[in-house]
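Here's a quick briefing to read alongside the model.

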Amino acid sequence: MIRPAQRRELAVKAVAMKGVSIALACRAFDVSETCYRYSPKPDDENERIADLLLGLTTAKKTWDFGLCFLYLRNVQGHGWNHKRVYRIDRELELNLRIKPRKRLKREKPEALVVPKAANEVWSMDFMADRLGDGRQFRLLNVLDDFNREGLGIEVDFSLPAERVVRALNQIIEWRGAPRTIRVDNGPEYISGTLMEWAENGTVALIEGYDQFY
C-alpha cells in the first residue's frame with residue numbers, strides 16, 4: 001500500500017517531469033492539493049527529541065526504542081506522540097545500533113590444598129576419545145594428589161561403576177587404600193555401587209569441595 005507521502009512525491013515528479021497540471025496530478029495519485037502544496041518547516045522540537053534520544057542511547061547502550069520512549073513519557077513527562085518519536089528514532093538509525101554482548105562473570109576457583117603425604121587424597125576422572133572408525137572409548141585416570149603420580153589408567157568402550165570399583169581394588173592391592181578420593185558428579189561416581197564400596201572400605205568420596213560422607 002502506497003502511503004500519502006509517497007503519493008505526494010509521485011505527483012510532484014509527474015508535474016515536474018511530464019508537465020501535467022497540479023490538479024490532474026493530484027487526481028491521478030489521489031492527493032489533495034493542500035497536501036501537494038504543503039512544505040514542512042524545520043521543527044526545533046524534533047531536534048530536541050533527536051537530542052534526547054541520542055543522549056539516552058549513549059548513556060543507556062542496552063535500551064531499545066520502547067524503553068527510551070517510556071522514559072521520555074513517564075519519567076520526563078513529555079507528551080510527544082509515539083509515532084513521531086519512533087519516526088525520529090528511525091531517521092537517526094538508532095534501531096541499527098550494535099548491542100554489546102553480555103559477558104558472564106566467572107568466579108575464579110580456589111586452588112586445591114596439596115596433601116602432605118601419599119595416599120591422603122586421590123583424584124580420578126574420565127576422558128574420552130574416538131577411534132578411526134568413529135567408535136568412542138573412555139579412559140579412567142587415577143592420580144595421587146600428593147605428587148601427581150599416575151596410579152592407574154583403565155581403558156574400554158564402557159566403564160560402569162563395577163569396573164571403576166575393580167580398578168580401584170587393583171591399585172589398592174599394591175599401593176594401599178587412600179583416605180579420600182576426589183571425584184566429579186558423573187553417573188559412575190554417584191552410583192550406589194561406588195558409594196557402598198567407599199563406605200565399606202572407610203574411604204571418603206568428595207566432589208570438589210563438598211564431602212559426601
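Is T180 buried or exposed? T180 is buried, at a relative accessible area of 16%, which sits under the 20% cut-off for that label. Keep in mind that this is a predicted model.

**The chain overall**
- The protein chain has eight helices and six strands.
- Going along the sequence, these elements come in the order α-α-α-α-α-α-β-β-β-α-β-α-β-β.
- The protein chain runs to 213 residues, and 30% of them count as buried.
- If you take the contacts with a separation of 6 or more, 47% are between residues 24 or more positions apart.

**T180 and its neighbours**
- T180 belongs to strand 4, which covers residues 180-183.
- Leaving aside residues up to four places away in sequence, T180 touches E120, V121 and W122, and also V203, A204 and I206.

**Helix 5: one side in, one side out**
- F65, C68, F69 and L72 are the buried residues of helix 5.
- Look down the axis of helix 5 and those buried residues fall within an arc of 95°, so they line one face of the helix.
- The cover over the buried residues of helix 5 includes helix 4 (44-59) and helix 6.
- On the face of helix 5 turned away from the buried side you'll find the exposed residues N74 and V75.
- After helix 5 comes G77, with a positive phi near 80°.

**Helix 4 against helix 5**
- Helix 4 and helix 5 pack at an angle of about 120°, and their axes are 10 Å apart.
- That angle makes helix 4 oblique to helix 5.
- Helix 4 and helix 5 make a right-handed crossing.
- Helix 4 brings L52, L53, L56 and T57 to the contact, while helix 5 brings C68, Y71 and L72.
- Sorted by class, the contact of helix 4 with helix 5 has six nonpolar residues, one polar and no charged.

**Helix 5 against helix 6**
- The axes of helix 5 (residues 65-75) and helix 6 (residues 82-91) come within 11 Å and cross at roughly 130°.
- Helix 5 is oblique to helix 6 as a result.
- The crossing of helix 5 with helix 6 is right-handed.
- On the helix 5 side, F65, F69, L72 and R73 take part, and they meet H82, V85, Y86 and D89 of helix 6.
- This contact between helix 5 and helix 6 has five nonpolar, one polar and two charged residues.
- L72 turns up in the helix 5 list here, and L72 is also part of the contact with helix 4.

**Helix 7 against helix 8**
- Further along, the axes of helix 7 (residues 161-175) and helix 8 (residues 192-200) come within 8 Å and cross at roughly 25°.
- Angles under 35 degrees count as roughly parallel, and helix 7 and helix 8 are therefore roughly parallel to each other.
- Helix 7 and helix 8 have a right-handed crossing.
- T193, L194 and W197 of helix 8 meet A161, E162, V164, V165, L168, N169 and I172 of helix 7.
- The contact of helix 7 with helix 8 splits by class into seven nonpolar, two polar and one charged residues.

Technical notes: Residues numbered from 1 in each chain as written. Predicted model: local features only at pLDDT ≥ 70, side-chain atom pairs only at ≥ 80, totals over all residues. Heavy atoms only, no water. Axes fitted to C-alpha atoms, helices over the stretch in contact; angles between N-to-C directions. Helix = DSSP H or I, 4+ residues; strand = E, 2+ residues; numbered from the N terminus. Parallel < 35°, antiparallel > 145°, perpendicular 65-115°, else oblique. Left-handed = near helix turned anticlockwise from the far one by under 90°. Contact = heavy atoms within 4.5 Å. Nonpolar A, V, L, I, M, F, W, Y, C, P; charged D, E, K, R; others polar. Buried < 20%, exposed > 50% of the residue type's maximum accessible area, 1.4 Å probe, protein only. Arc of directions from axis to C-beta.
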